[in-house]
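Try each task before reading its solution.

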Amino acid sequence: MRLGATPLAWLLAAFLSAFAAPLAAQDTTRVVVDTTTRYKSDSLPLKPTRTLSFDTDEATWASLDVSPDGRTLVFELLGDLYTLPMGGGVAKAITTGLPFDSQPRYSPDGKRIVFLSDRDGGENVWTCAVDGTQLRQVSKGPSSLYASPEWTPDGQYVVVSRQEDPLRGNYQLWLYHKNGGTGISLTKPDSGVGAVGPRDRRPTIDALGAAFGSDPRYIWYARHRGGFGYNLTFPLWQLATYDRETG
């Protein structure tokens, strides 16, 4: 007899039918793709969502400079640049927003300011008019670090310390035209001979704080054997000059 075969066949047919129905429905379902444009949280420039207002009459570790006519100060505070009359008063913000702007310096003619900013996504050298307008990017790089920008006395170039590798590199003096370009390294050939500081596997030296004296031929700066180390032996830095005519 085959009495047991009938219920088993029925159960199998019911089982297959239960799966066949949704599969058939799935084949006829139209897939709708959401093409709505959404703001990416990691895109640049970032959009601020809040504004912070505050009053203060002091700043710590603020970089500042005096205008050539001696009437105005420009300084950094919490990533923004401000100008202030030499006699005191209310500071005026000339750059604001999310970019971190720092280390401003007046041009010799007092018409522009060079400073550092990460407004393009990486730290670079920028210039602007004294009121913060007419922004112009001087250097272009996604991962370099910069420090202590300074104008040449003729106002045509900017000397700045540039570090290629934030973890293992050294600051070298670079020269850029005021309108931008690739720039050239001035102190890259310096192998560290005569430089104070620990000797390590990176013979190049750190060069920071470019400045000019009465003779525009020479760049004064602070020089130190490259690399970071513990238990350093003093003195750590020395004054040096770079001859712009002979290199």
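A residue counts as exposed when its relative accessible area is over 50%, as buried when under 20%, and as partly exposed in between. Please keep in mind that this is a predicted model.

**Exercise 1.** Find where Q134 lies, and decide whether Q134 is buried or exposed.

*Solution.* Start with the location: Q134 belongs to the loop that links β7 (124-129) and β8 (136-137). Next, take its relative accessibility, which is 57%. The cut-off for exposed is over 50%, so Q134 counts as exposed. Finally, look at the backbone: Q134 is not a glycine, yet its phi is positive, near 55 degrees.

**Exercise 2.** Classify G183 by accessibility and describe its surroundings.

*Solution.* Third, list its contacts: leaving out residues up to four places away in sequence, G183 touches W174, L175 and Y176. Last, consider K140, which is 43 residues from G183 in sequence, with a C-alpha to C-alpha separation of 9.7 Å.

**Exercise 3.** Work out the strand order of the open sheet formed by four strands, and identify its edge strands.

*Solution.* The order is β5-β6-β7-β8, with antiparallel pairing. Both β5 (101-106) and β8 pair on one side only, which makes them the edge strands. Now zoom in on one pair: β5 and β6 (residues 112-117) run antiparallel and are joined by four bridges. Within this pair, D101 has S117 in β6 as its bridge partner.

**Exercise 4.** Describe the largest pocket by volume, lining and residue class.

*Solution.* Begin with the volume, about 930 Å³. Then turn to the lining: 31 residues contribute, and F54, L77, L78, D80 and Y82 lie nearest the centre. The elements that supply two or more lining residues are β2 (72-77) and β3 (80-85). To finish, sort the lining by class: 17 residues are nonpolar, eight are polar and six are charged.

Methods:
Residues are numbered from 1 along each chain as its sequence is written. This is a predicted model: local features need pLDDT of at least 70, side-chain atom pairs count only at pLDDT 80 or more; totals for chains, interfaces and linings use all residues. Side-chain values use heavy atoms; hydrogens and water are left out. Buried means under 20% relative accessible area, exposed over 50%, partly exposed in between (1.4 Å probe, protein chains only). Contact means heavy atoms within 4.5 Å. On a 1 Å grid over the protein atoms alone, a cavity is a set of points where a 1.4 Å probe fits but cannot get out, and a pocket is an open set with protein on both sides within 12 Å along at least five of seven lines; lining residues have an atom within 4 Å of a point. Grid points are joined across faces, edges and corners, and a volume is the space filled by probe spheres set on the points. Ala, Val, Leu, Ile, Met, Phe, Trp, Tyr, Cys and Pro count as nonpolar, Asp, Glu, Lys and Arg as charged, and the others, Gly among them, as polar. Two strands pair if DSSP finds at least two bridges between them.
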